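Subject: A structure for you to look at

Hello,

I am passing a structure on to you, with some notes on what turned up in it. Please open it first and keep it beside you while you read.

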Amino acid sequence: MKRQINNTLLELIVGILVSAAVIEGISILVAGFSAAFTSGLWIGAATAMGLAAHMYRSIDRALDMQPDDADKYMRRAYLIRTAAILLVAGAVTFFKLGYVMATFVGVFCLKFGAFLQPLTHRMLHGKDAPAPDATEDDPPHTDS
């Protein structure tokens, strides 16, 4: 079964990549190239993309549950994402894969990507595209 990526998730991932690239560019201009910073940043950005996909999947599943079950499920999913961040930070530190603070900056690109989502939506779909919450599967609403 072939799965399609949700447009909003795609736009969020593009925003994560753009924000990580901007941070990388600024860091090179300010401090020069650092392989440790670069690897830490991109490990964090890859983690942020995984967190975004997990968050999308968790929200999608929770919408099909009863409110009490959905609340418990979302709390558990949040703990899984938090543990993933801590495990990645621990692995970066233990194996000396890069700067751990740069990894956290990369994870923070998830927030930057969320702020950039309206811009990436316009970039990917044009100005006249419907808003992200209006899907093509929904029937048109009429006043009858």
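Let me start with one side chain: Arg-75 is exposed, with a relative accessible area of 55%. Here exposed means over 50% relative accessible area, buried means under 20%, and partly exposed lies in between, using a 1.4 Å probe and protein chains only.

Before going further, a word on the model and its conventions. This is a predicted model, where local features need pLDDT of at least 70 and side-chain atom pairs count only at pLDDT 80 or more, while totals for chains, interfaces and linings use all residues. Residues are numbered from 1 along each chain as its sequence is written, and side-chain values use heavy atoms, with hydrogens and water left out.

Back to Arg-75: its side chain meets that of Asp-71 in a salt bridge, at 3.3 Å from N to O. A salt bridge is a side-chain nitrogen of Lys or Arg within 4 Å of a carboxyl oxygen of Asp or Glu. A search of the whole structure finds one such bridge. Asp-71 counts as partly exposed, at 39% relative accessibility. Both residues lie in helix α3, four residues apart, which is about one turn of the helix.

Now the overall picture. The chain has four helices and zero strands, so called when DSSP gives a run of at least four residues of H or I for a helix, or at least two of E for a strand, numbered from the N terminus. Of its 144 residues, 28% count as buried. The accessible surface comes to about 10,100 Å², and 65% of that belongs to carbon and sulfur atoms; such areas come from the Shrake-Rupley method with a 1.4 Å probe, and for residues only the protein chains shown count as cover. Among contacts with a separation of 6 or more, 67% are between residues 24 or more positions apart, where contact means heavy atoms within 4.5 Å.

How confident is the predictor? The chain averages a pLDDT of 90, and 87% of the residues score at least 70; pLDDT is the predictor's confidence in each residue, from 0 to 100. Where pLDDT is low, the predicted coordinates should not be read in detail.

Next, the aromatic rings. The whole structure holds two aromatic pairs. Phe-94 and Phe-95 form one that is edge-to-face, 5.0 Å centre to centre with 85 degrees between the planes. Rings of Phe, Tyr and Trp (its six-membered ring) pair if their centres lie within 6.5 Å; planes under 30 degrees apart count as stacked, over 60 as edge-to-face and the rest as tilted. Phe-94 is exposed at 63%, and Phe-95 is exposed at 56%. Phe-108 and Phe-112 also pair edge-to-face, at 5.1 Å and 85 degrees. These two are about one helical turn apart because they sit four residues from each other in helix α4 (residues 100-125).

Finally, Ile-5, Leu-10, Leu-119, Met-123 and Leu-124 form a nonpolar surface patch with about 430 Å² of accessible area together. Patches take residues with over 30% relative accessible area and no salt bridge, joining like charges within 9 Å and nonpolar side chains (Val, Leu, Ile, Met, Phe, Trp, Tyr) within 5 Å. Helix α4 gives the largest share, three residues. Met-123 lies in that helix and is exposed at 52%.

Best wishes
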